[in-house]
Amino acid sequence: MADRYLNFTGTAPGRFLTRKLGLPQPSALRRWTPENPHLEGELLHLTAGVSAHEAEVASILTRTHLKLAKVPASSRPAAVILDATGISDTPALSDVHAALHPVVRSVADNGRVVVLGAPVSPSDHHQAAAQQALEGFVRSLGKELGRGRTATLVRMRSAAATESTLRFLLSPRSAYVSGQVIEVVGEAGPAASCDWDRPLSGRTALVTGAARGIGEAVAEVLARDGAHVVVLDVPSAQADLVRVADRLGGTALPLDITADDAGDRMASALAPGGLDILVHNAGITRDRKLANMPADRWNPVMDVNLTSVLRTTDALLKSGTLNRGGSIVATASIAGIAGNVGQTNYAASKAGIIGLVRSLAPGALAEYGVTVNAVAPGFIETRMTAAVPLFIREAGRRMNSLAQGGLPVDVAETTAWLSSAASGGVNGQVVRVCGQSLLGS
Ligand SMILES: NC(=O)c1ccc[n+]([C@@H]2O[C@H](COP(=O)([O-])OP(=O)(O)OC[C@H]3O[C@@H](n4cnc5c(N)ncnc54)[C@H](O)[C@@H]3O)[C@@H](O)[C@H]2O)c1
């Protein structure tokens with residue numbers, strides 16, 4: 001369902017009229033294309049306080065496609081990185097203001113502001129107050145920027161482990177990710193041999209619910225980044241599934257994930273090489289207010305969205321099918337964070353995904369060498385959201401800082417970043433792909 005309002009505000013009369021009427025003014029987002037895979041222009045690297053990571057961060061930034069500057073050289077930087085990792089008390093927060101206040105207005109359309117923070121200390125309440133303050137700062141800035149510009153806070157322990165995350169955030173791949181706080185909990189950097197143009201080369205990925213919608217886009221982006229994709233969907237979707245597999249040079253696996261033996265059947269389909277990337281994307285809705293919801297609308301949602309995710313994850317980990325260095329990415333939803341009328345079942349299942357990810361992540365990394373993260377999509381333009389009544393759909397599209405719905409590819413790009421071996425330092429995170437939705441923010 002085309003977003004006609006977005007198209008209209010892209011025209012001169014549309015811009016004029018919507019400004020006069022005080023209506024939302026979405027800008028067309030710049031996404032990855034083969035012709036324009038990178039953000040171009042100046043990358044301003046600023047520091048607030050004294051950072052122990054400055055030189056290492058600078059060396060990572062020189063490896064992006066942006067032109068590194070320590071002082072504003074052009075009038076419109078494409079991105080600004082503010083290293084605030086050294087801020088350990090609240091007076092130092094004035095450095096954050098001093099660094100960004102003069103340049104924020106000039107950041108180019110579709111540009112990025114990335115603030116680097118340190119983990120919040122459990123034992124130093126002055127450091128904790130100052131570092132937590134950065135969260136409120138970034139979330140507010142994301143709401144102020146407009147014109148397709150985004151703001152993100154990355155809390156890091158080591159610069160090396162943060163490289164894949166910085167590359168993602170400083171690229172068109174993160175167009176619909178804003179107002180987020182991402183913790184890079186690991187310390188190890190990517191392998192020196194990492195091919196940043198095809199970071200998933202040689203990896204095998206299984207994507208559930210891949211016959212259409214977000215799952216199809218995930219399979220497409222993982223294949224673009226070099227993975228061999230095994231696409232799974234219910235047997236009744238086999239024709240679409242085979243079409244997707246053929247287009248991507250992948251393998252179709254028609255299977256209902258709620259089957260008792262689904263985990264074993266996945267494992268045998270993936271033998272002997274095993275699996276590197278497991279994307280739990282399949283999901284269903286059966287909306288109705290709780291008072292009107294019979295058990296036959298509650299149970300299938302729990303079964304598809306949550307119980308089968310737990311069951312198949314356990315089976316694939318225990319059977320050794322998931323290779324060391326691998327990644328699991330599960331699909332939550334902002335409904336699982338904010339709740340939604342008519343979605344007690346769906347929101348419960350998606351909140352359950354968040355619980356699963358946070359609890360499993362440290363142990364899975366220690367025992368199996370596998371990271372576990374979640375994407376939480378907001379309003380994404382799919383068949384699911386096209387079926388939503390017009391006014392609710394319009395509200396869903398506009399109630400975020402970018403004033404538009406995301407596309408399946410936005411969820412796919414985030415999944416690909418989390419799936420890469422270079423992102424091994426990102427574990428137990430729930431990354432919202434929601435344009436900084438006002439829901440649950
Ligand atoms: N579209 C959105 O705005 C949005 C927002 C938040 C979260 N999500 C989540 O993203 C995921 C994909 O959503 P979508 O919009 O692409 O949905 P969709 O309905 O277009 O696609 C879901 C796919 O999952 C498959 N599937 C359902 N039950 C299955 C089962 N038992 N076994 C195997 N496959 C099964 C379906 O056949 C379908 O192909 C879901 O988990 C959804 O809850 C979507």
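Modeller: Let us begin with glutamine 436, which lies in the segment after strand 13 (430–433). Helices (H or I, at least four residues) and strands (E, at least two) are DSSP runs, numbered from the N terminus. This is a predicted model, in which local features need pLDDT of at least 70, side-chain atom pairs count only at pLDDT 80 or more, and totals for chains, interfaces and linings use all residues. Residues are numbered from 1 along each chain as its sequence is written, and side-chain values use heavy atoms, with hydrogens and water left out.

Biologist: Is glutamine 436 buried or exposed?

Modeller: Buried means under 20% relative accessible area, exposed over 50%, and partly exposed in between (1.4 Å probe, protein chains only). Glutamine 436 has a relative accessible area of 3%, so it is buried. Its phi is positive, near 60°, although the residue is not glycine.

Biologist: Where does arginine 147 lie?

Modeller: Arginine 147 is in the loop between helix 5 (125–145) and strand 5 (150–156). Its phi is also positive, about 50°, and it is not a glycine. With a relative accessible area of 36%, arginine 147 is partly exposed.

Biologist: Which residues of helix 3 are buried?

Modeller: In helix 3 (residues 54–62), they are Val57, Ile60 and Leu61. They cover an arc of only 100° around the axis, so they are on the same side of helix 3; the arc is that of the directions from the helix axis to the C-beta atoms. Ala55 and Thr62, on the other side, are exposed.
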